[in-house]
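Here are some notes for a colleague meeting this structure for the first time. Please read them beside the sequence and the coordinates.

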Amino acid sequence: MSHSITLEIYKASQGFPREELFGLTSQIRRSFASIGYNISEGAGRNSDKEFANFINIALGSSNEAENQLLLARDLGYISEEII
């Protein structure tokens, strides 16, 4: 599911202004990709404690990504439907 959402974010952010390429565009993509990366890495660990740690990191990335979506919406880069 995280992978699918990340793909949608990549598509949605293609229309961001060029001056955001190294700002919001890059950051929002990295935040969404990080969610799946951390879940996957945690699932490959050998203990529930390590897995829980990576889930917490993914949750932090999710919170960051949510804030970036709101910013992109408020700047008029994406529509409400994306959120």
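How are α2 and α3 oriented to each other?

1. Helix α2 (residues 21–43) and helix α3 (residues 48–74) have axes that come within 8 Å and cross at roughly 160 degrees, with axes taken as lines fitted to C-alpha atoms over the stretch in contact and angles running from 0 to 180 degrees between N-to-C directions. The two helices, α2 and α3, are therefore roughly antiparallel to each other, a term for angles over 145 degrees.

2. The residues of the contact of α2 with α3 divide into 15 nonpolar, 8 polar and 2 charged, where Ala, Val, Leu, Ile, Met, Phe, Trp, Tyr, Cys and Pro count as nonpolar, Asp, Glu, Lys and Arg as charged, and the others, Gly among them, as polar.

3. The model is predicted, with local features needing pLDDT of at least 70 and side-chain atom pairs counting only at pLDDT 80 or more, while totals for chains, interfaces and linings use all residues. Residues are numbered from 1 along each chain as its sequence is written, and side-chain values use heavy atoms, leaving out hydrogens and water.

4. The protein holds 3 helices and 0 strands, in the order α-α-α along the sequence; helices are DSSP runs of H or I with at least four residues, strands runs of E with at least two, numbered from the N terminus.

5. The C-alpha trace spans about 45 × 25 × 15 Å along its principal axes, and of the 83 residues in the protein 31% are buried, that is, under 20% relative accessible area with a 1.4 Å probe, protein chains only.

Notes. Parallel < 35°, antiparallel > 145°, perpendicular 65-115°, else oblique. Buried < 20%, exposed > 50% of the residue type's maximum accessible area, 1.4 Å probe, protein only.
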